[in-house]
Amino acid sequence: MLKLITLILALLGTPLFIIISALALLSFHSVDIDISVVIIEMSRLAETPMLLSLPLFIFAGTLLAESNTPKRLLNLSHLLLGWMPGGLAVVSLVVCAVFTAFTGASGVTIFALGGLLFPALIKDHYSERFSLGLITTSGSLGLLFPPSLPLILYGVISGTRIDHLFLAGILPGILMLVLLIVYSMTRSRTGRKNSIRSSRADILAGLKESAWELPLPVIVLGGIYGGIFVVGEAAAVTALYVLVVEVLIYRDISWRELPAIMTKSMMLFGGILVVLAASMATTNFLVDQEVPMRLFDLIRAHITSKYTFLLLLNLFLLIVGSMLDIFSALVLILPLIIPIAEGYDVNMIHLGIIFLTNLQIGYCTPPVGLNLFLASYRFDRQVVELYRATLPFLALLLVALLIITYFPALSLFLVNL
Amino acid sequence: MIRQYTRIVHIISHAVAWLEEGLLCLLLLAMILLSCWQIISRDFFSGGYVWIDPLLRYQVLWVGLLGASLATRKGKHIAIDLASYMATERAKPWIKLAGDIFSTLVAAVLTVAAIIFVRNEVQFSGDPLLAIPSWAWNMIFPLAFGMICIRFLHATLTGLAAMFRAKPTSSDEYGGTP
């Protein structure tokens with residue numbers, strides 16, 4: 001009865017960590033285990049080796065989002081890619097993807113870049129519907145590229161190696177990007193007419209302007225795969241580097257603004273941490289009660305093929321992804337899915353990529369995908385209008401999802417190299 | 001009387017938030033510098049202090065729980081918010097009130113659980129770090145959950161006061177920022 005009330009409140013906007021904690025407390029109490037065990041489980045979260053990288057990457061991402069980096073990045077990509085047919089659309093997609101990878105898909109992309117890109121796309125004679133669709137979809141496009149937060153979180157929860165996950169996301173991420181780029185090129189009304197040829201001097205000036213930000217991906221990836229430091233340390237180096245560059249070199253952010261940005265980023269991390277901590281307790285209770293195994297037996301009685309299972313998993317995750325934001329979905333659903341997927345012999349790295357691709361698409365799926373509402377809020381349009389605008393993009397992403405699901409090699413190729 | 005009460009609450013809540021924010025920023029900076037120092041000292045001097053890694057683990061907990069406490073103040077917790085799409089305007093304050101009351105209760109039980117946890121740590125203490133016993137490092141659990149509980153209680157009272165058309169205690173608290 002109490003559990004039912006809890007679940008109803010969950011749907012009505014009560015903080016998720018309260019809901020999960022309540023379930024954990026009730027569950028342990030019902031089997032006569034002392035409630036302090038919930039806190040013990042929470043404190044065990046600190047032993048997760050990769051946990052440290054979360055606050056540091058979140059801080060770096062928030063700092064980047066608050067600085068003028070989006071503007072500089074946009075300017076440079078325009079100079080470099082503007083010559084292509086549909087140049088601006090291509091630029092938008094690439095910049096959004098890179099930006100989302102560094103800031104996590106918390107909607108920052110739509111707010112930070114959407115406002116700059118939307119008027120520019122309209123000015124470049126793209127239809128309003130196309131431009132809206134493009135920006136809404138791009139809000140979560142870079143999710144599979146390192147060092148995206150959801151990838152790290154998947155690694156933390158599933159206990160998979162994060163450096164492997166980073167590698168696995170690259171090709172599937174590029175696949176989605178390329179599909180959308182090709183589509184955007186065909187939709188460019190001006191073709192090459194409106195494309196710009198930047199002079200060498202302009203490009204050089206643009207490169208010089210972003211000279212301090214360009215090495216970031218190299219630092220993150222080069223450091224990890226060059227064996228200089230591990231993922232957790234890469235986060236620290238990234239945080240320090242971004243701090244020095246934005247505050248001391250570009251001076252986009254003054255010392256006075258810094259505490260507010262730090263607090264803001266740590267509130268985000270705190271929100272994730274308590275949900276994660278509470279779910280550690282609930283998950284362990286469920287595992288103790290062998291719930292995942294019973295679920296697996298139930299499903300296996302009806303589905304024998306791994307591929308049918310994956311298809312159903314896709315459908316299930318698309319629905320979940322359109323209702324929950326990515327952090328809640330990972331924390332709530334993943335611990336239950338992992339043992340089942342293991343039963344069907346699905347590779348854990350591959351599962352991660354499937355999982356995140358679904359959640360990324362879920363973000364733009366009607367009726368309640370989060371990106372749709374963010375874009376509706378940001379551009380002051382009816383949500384229904386955005387449903388229509390995102391449909392072609394959604395179709396392409398679904399094609400990519402099928403390829404990613406049924407060709408594990410795409411995800412595992414770089415890992416096995 | 002009520003006005004005096006609200007003013008005192010207002011001042012205290014601001015002071016506490018200021019303290020929490022200050023501590024949060026210091027901890028975050030320390031985390032960044034310590035982990036970078038760890039890389040430098042390991043890669044270049046093949047040394048490094050053994051206490052840095054466990055210290056960083058505690059710092060992550062402190063930063064996260066303090067952040068969660070502040071997130072409660074601003075109403076920025078992760079939630080599945082179907083109510084804001086479906087509920088009528090009239091029902092919304094009631095739904096929020098029910099959620100706040102429930103959250104206060106759960107946070108109170110969590111605080112009790114955390115106190116039991118710390119008491120057990122005092123009795124069967126784990127390894128001390130930097131000569132500080134493990135229970136002291138884990139004090140953040142009761143502290144943070146206690147603060148979260150007080151903040152939900154405050155939100156509940158504010159919500160009730162608003163319903164009875166009394167003057168809300170303060171505008172920048174829970175739910176104050178969109």
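Biologist: At what angle do helix 4 and helix 10 of chain A pack, and how far apart are their axes?
Modeller: In this predicted model, helix 4 (residues 53-66) of chain A packs against helix 10 (residues 149-158) of chain A at an angle of about 175°, and their axes are 10 Å apart.

Biologist: Are these helices roughly parallel or roughly antiparallel to each other?
Modeller: Angles over 145 degrees count as roughly antiparallel, so helix 4 of chain A and helix 10 of chain A are roughly antiparallel to each other.

Biologist: Which residues make that contact?
Modeller: Helix 4 of chain A contributes A:Ser53, A:Leu54, A:Phe57 and A:Ile58, while helix 10 of chain A contributes A:Leu149, A:Ile152 and A:Leu153. By class, the contact of helix 4 with helix 10 of chain A has six nonpolar residues, one polar residue and no charged residues.

Biologist: Let us turn to helix 2 and helix 3 of chain A. What is their packing angle?
Modeller: Helix 2 (residues 16-30) of chain A and helix 3 (residues 36-44) of chain A pack at about 130°, with 9 Å between their axes. That angle makes helix 2 of chain A oblique to helix 3 of chain A.

Biologist: Is the crossing of helix 2 and helix 3 of chain A left-handed or right-handed, and which residues take part?
Modeller: Helix 2 and helix 3 of chain A cross in a right-handed manner. On helix 2 of chain A, the contact residues are A:Ser21, A:Ala24, A:Leu25 and A:Phe28; on helix 3 of chain A, they are A:Val37, A:Val38 and A:Met42. The contact of helix 2 with helix 3 of chain A comprises six nonpolar, one polar and no charged residues.

Biologist: And how do helix 9 and helix 20 of chain A cross?
Modeller: The axes of helix 9 (residues 128-138) and helix 20 (residues 370-379) of chain A come within 9 Å and cross at roughly 125°. Helix 9 of chain A is therefore oblique to helix 20 of chain A. The crossing of helix 9 of chain A with helix 20 of chain A is right-handed.

Biologist: Which residues meet there?
Modeller: From helix 9 of chain A, A:Leu132, A:Ile135, A:Thr136 and A:Thr137 meet A:Asn371, A:Leu372, A:Ala375 and A:Phe379 of helix 20 of chain A. The residues of this contact between helix 9 and helix 20 of chain A are five nonpolar, three polar and no charged.

Biologist: Is A:Thr136 buried or exposed?
Modeller: A:Thr136, which is found in helix 9 of chain A, is buried, because its relative accessible area is 0%.

Biologist: What does A:Thr136 touch, leaving out residues up to four places away in sequence?
Modeller: With those residues not counted, A:Thr136 touches A:Ile110, A:Cys364, A:Asn371, A:Leu372, A:Ala375, A:Leu386 and A:Thr390.

Biologist: Changing topic, how many helices and strands are there in chain B?
Modeller: Chain B has six helices and zero strands, and its elements run α-α-α-α-α-α from the N terminus on. Of the 178 residues in chain B, 44% are buried. Among contacts in chain B between residues at least 6 apart in sequence, 72% join residues at least 24 apart.

Biologist: Where does B:Thr72 lie, and is B:Thr72 buried or exposed?
Modeller: B:Thr72 lies in helix 2 (residues 52-74) of chain B. B:Thr72 counts as buried because its relative accessibility is 0%.

Biologist: What lies 2.8 Å from a polar atom of the side chain of B:Thr72?
Modeller: The backbone oxygen of B:Ala68 lies at that distance from the side-chain polar atom of B:Thr72.

Biologist: How far apart in space are B:Thr72 and B:Leu55?
Modeller: B:Thr72 and B:Leu55 are 26 Å apart, C-alpha to C-alpha, and 17 residues apart in sequence.

Key: Residues are numbered from 1 along each chain as its sequence is written. Chains are lettered from A and ligands numbered from 1 in the order in which they are written. This is a predicted model: local features need pLDDT of at least 70, side-chain atom pairs count only at pLDDT 80 or more; totals for chains, interfaces and linings use all residues. Side-chain values use heavy atoms; hydrogens and water are left out. Axes are lines fitted to C-alpha atoms, for helices over the stretch in contact, and angles run from 0 to 180 degrees between N-to-C directions. Helices (H or I, at least four residues) and strands (E, at least two) are DSSP runs, numbered from the N terminus. Angles under 35 degrees count as roughly parallel, over 145 as roughly antiparallel, 65 to 115 as roughly perpendicular and the rest as oblique. A crossing is left-handed if the near helix is turned anticlockwise from the far one by less than a right angle, and right-handed if clockwise. Contact means heavy atoms within 4.5 Å. Ala, Val, Leu, Ile, Met, Phe, Trp, Tyr, Cys and Pro count as nonpolar, Asp, Glu, Lys and Arg as charged, and the others, Gly among them, as polar. Buried means under 20% relative accessible area, exposed over 50%, partly exposed in between (1.4 Å probe, protein chains only). A polar contact is a pair of N or O atoms within 3.5 Å; within protein, one must be able to donate a hydrogen and the other to accept it, and residues adjacent in sequence count only if both atoms are side-chain atoms.
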